[in-house]
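Please look over the chain below before reading on.

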Amino acid sequence: MTLAARDDLAFVLALRQRLDELGLRWTVACGCLDPAALRALGAVSHPGLHALPATGPQPLAEAVAALEGAAADAPVLLLDPRVIVPDDPRPLLAVPSGAPALLFGGGGGPVRAAFAPGPAGRAALEALAAGRPVPGAATAPPPAAKPWLAQPGQAVDCTGARLIMQRFLVPEAQATAPLTRNLLAGRLAPFARTVLGMARALRQADPDHDPAPAAPAWLGPHHALFAADAAPAPLLAIPQLPLVLEGVVLYLPPGMPGADQALTAHRAGQPWPVRPGAPAPDLAPARAALRAGRPRQAVAAFDAALGANRHHREALLGLLEALAGAGDDPACIAAAQHHLDSYPDDAEVAALLHAARLRDLGREAAASLRDDTGYRPGDFLVSALVSTYASEAFMEECLTDLLAQTVAERLEIIVIDAASPENEAAVVRRFQQRHHGIRFLRTPARIGIYRAWNHAALLASGRYLTPFSTNDRLAPDAYATLAAALDNTPGADLVFGDTRLTDTPHQTFAAHTPSAHSGGAWVWPQYSFEYNLASCTGGPHPMLRRSAIEAHGLFDERHKALADQDFFMRLGRLGRVRHIPAFTGLAWLSPSALSDESHTQGELRTLRERHRAAYAADGAALAVLNNLLAELDATIALEGREAARRFYAAHRPRLGASALTADLDRLLG
């Protein structure tokens, strides 16, 4: 029996798979508190694996019931839920002849036991569940070697692993341990692949089985980490060193032979091999081609280096420079976005991405038709970003609604016509004669809504920006309310209110028929990034600071339906989003919008995976720092300040920049 939490289900399935591969007949049961996880477990397992809702004060007692349904020749296995299974777990699973149980002692008592079938085994399990000594048990001390240190054939101690996000495997390792790459690769990479494979099966059975978990309390800067090397791969903010092994990324702890040299090279900006024995890529020819004005040749050389190691940042920066020199901004944008999916806090690459987007949008804007009739620059408070395509029937209502805002005299309206087949331009021109703050741009070919918003954002001059759909409507004081919230909340870059809903077009905020959908309104809770990871939030009428575009980038045009949610999550992860408990607008739930909901699910999964990965990495990095503080505190109390200073100096190169590390640098640097 395995008593496990939700995050350990992938381990349980991996164990079941390993037992099957070895031809061992064991009954494995999982105690789990989550009904959805239990359903997923049943969908990808077989009758030999029992899922128990272990909610009682003595969940071990339920193992007795599991024995009732076990085959007569199939022992029941009890494991610590943090266990790592080696390539061949048979030494751990062997039950001595005549003994009802094999107990491995550890910490507060027996943590692992394999129970033989029959009355003796059942009695032994009942005794363990009741806290009584197990009669006739054969005991053994915990094996001394961890799996990542053990030689082939040596007994191993498999405690100390936890799955984070079903991507990270975090083994407990000492910084001074005689670690080698071959041992790490040989012992842990096969199991990591198994766990990741079973995690994929779980997600297929239950797509919601991928929460954003808290990092374990014992995670420290000396741990090695596993993750799938797929884009986007969640990477820690602390500069771990990736070693790619057959599609699995292993992040190396300090103290491993070769790790210190690799860290030195990393800090100096020098490449280092990510595959054992692989030579570091030579970027000199690529740089020479770039200096000689041969950007296409440089692109090919930098791209080849990234093919060998996609984490090679120097090669990526060279590739972005070469693509810019070749005038290939779309490829430059794609490469930068791919990198930022894994390294969202890389400010230098983000700046290069923003510059490439400005060039790309600028070329399109230069080929577009612009009409600024009657427009006078001014001190605008708000700029409304309006995209239109085949919406002439709504354009007059849209502009009338905007000009009914209480801040209309300080309102700028940017209309982007995405090569519409209708004549919205004529409607806009009539309103330009009545209001001094309307600008119009028509692109030469049809573009998506988020590219249109990006064009509008670059034309806008208001302090605050807000996207607005031609078929939505606003409360008269909506923009005044949202702008005041930003004025009074310097820690926020984006605010949003609640939204009323209707199924009928051409209605107003004051007079509309409520929709049957969602009770006629979207009423959001106080904004939480964790909540946003699981549920779309934010509403259709947010307002953001124009400076946020400059600081955090434009809308991600890879998304066809959810770039606004991506923007919410980018700012939400940084704590820059606030909810205003007031109804600010009315949204028309058109039949086409509702029918498109199913088509957004794939985009939503990709979006959530990327941001959950960043959240997990943030949580792990925060856990590292919090646990480091605890270790420093204990070291000062037991060994003195100088010992704490040495301990901190040993781990400082692996910690990212933060207010906490800046304080520690002053105290212990």
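Helices α13 and α14 cross in a right-handed manner. This model is predicted, not determined by experiment. Helix α13 covers residues 392-403 and helix α14 covers residues 424-432. Their axes lie 9 Å apart and meet at an angle of about 25°. Because angles under 35 degrees count as roughly parallel, α13 is described as roughly parallel to α14. On the α13 side, the contact is made by E392, M395, E396, L399, T400 and L403. On the α14 side, the residues are E424, V427, V428, R430 and F431. Sorted by class, this contact of α13 with α14 has 6 nonpolar, 1 polar and 4 charged residues.

Helix α10, residues 313-325, packs against helix α11, residues 329-342. The axes of α10 and α11 are 9 Å apart, and the angle is about 160°. Since an angle over 145 degrees counts as roughly antiparallel, α10 is roughly antiparallel to α11. The crossing of α10 with α11 is left-handed. Helix α10 contributes L316, L319, L320 and L323 to the contact, while α11 contributes A331, C332, A335, A336 and H339. An α-helix has 3.6 residues a turn, so residues three or four places apart point the same way. By class, the contact of α10 with α11 has 8 nonpolar residues, 1 polar residue and no charged ones.

What does the whole chain look like in numbers? The protein chain has 23 helices and 22 strands. Of its 669 residues, 52% are buried. Among contacts in the chain with a separation of 6 or more, 74% are between residues 24 or more positions apart.

The next topic is the nonpolar cores. In soluble globular proteins, nonpolar side chains tend to be buried together. Here the largest nonpolar core has 36 residues. The residues with the most contacts inside this core are I416, L465, L494, F496, L544, F567 and V577. Several elements each supply at least two residues of the core, including the helices α12 (347-366) and α21 (601-639) and the strands β15 (411-417) and β19 (494-502). Which element gives the largest share of this core? That element is α15, with 6 residues.

Leaving aside neighbours within four places in sequence, L465 is in contact with S383, L385, A457, A460, P542, M543, L544, R546 and I549.

Is α19 mostly covered or mostly uncovered? It is mostly covered, with 10 of its 11 residues buried. The buried residues of α19 include F567, F568, M569 and L571, and also D564, D566 and R573. After α19 comes G575, whose phi is positive, near 75°.

The last stop is A649, which is found in helix α22, residues 641-651. A649 has a relative accessible area of 49%, so this residue is partly exposed. The C-alpha atoms of A649 and G669 are separated by 7.1 Å, although these residues are 20 residues apart along the chain.

Definitions and conventions
Residues are numbered from 1 along each chain as its sequence is written. This is a predicted model: local features need pLDDT of at least 70, side-chain atom pairs count only at pLDDT 80 or more; totals for chains, interfaces and linings use all residues. Side-chain values use heavy atoms; hydrogens and water are left out. Axes are lines fitted to C-alpha atoms, for helices over the stretch in contact, and angles run from 0 to 180 degrees between N-to-C directions. Helices (H or I, at least four residues) and strands (E, at least two) are DSSP runs, numbered from the N terminus. Angles under 35 degrees count as roughly parallel, over 145 as roughly antiparallel, 65 to 115 as roughly perpendicular and the rest as oblique. A crossing is left-handed if the near helix is turned anticlockwise from the far one by less than a right angle, and right-handed if clockwise. Contact means heavy atoms within 4.5 Å. Ala, Val, Leu, Ile, Met, Phe, Trp, Tyr, Cys and Pro count as nonpolar, Asp, Glu, Lys and Arg as charged, and the others, Gly among them, as polar. A nonpolar core is a set of buried Ala, Val, Leu, Ile, Met, Phe, Trp, Tyr and Cys residues joined through side-chain atoms within 4.5 Å. Buried means under 20% relative accessible area, exposed over 50%, partly exposed in between (1.4 Å probe, protein chains only).
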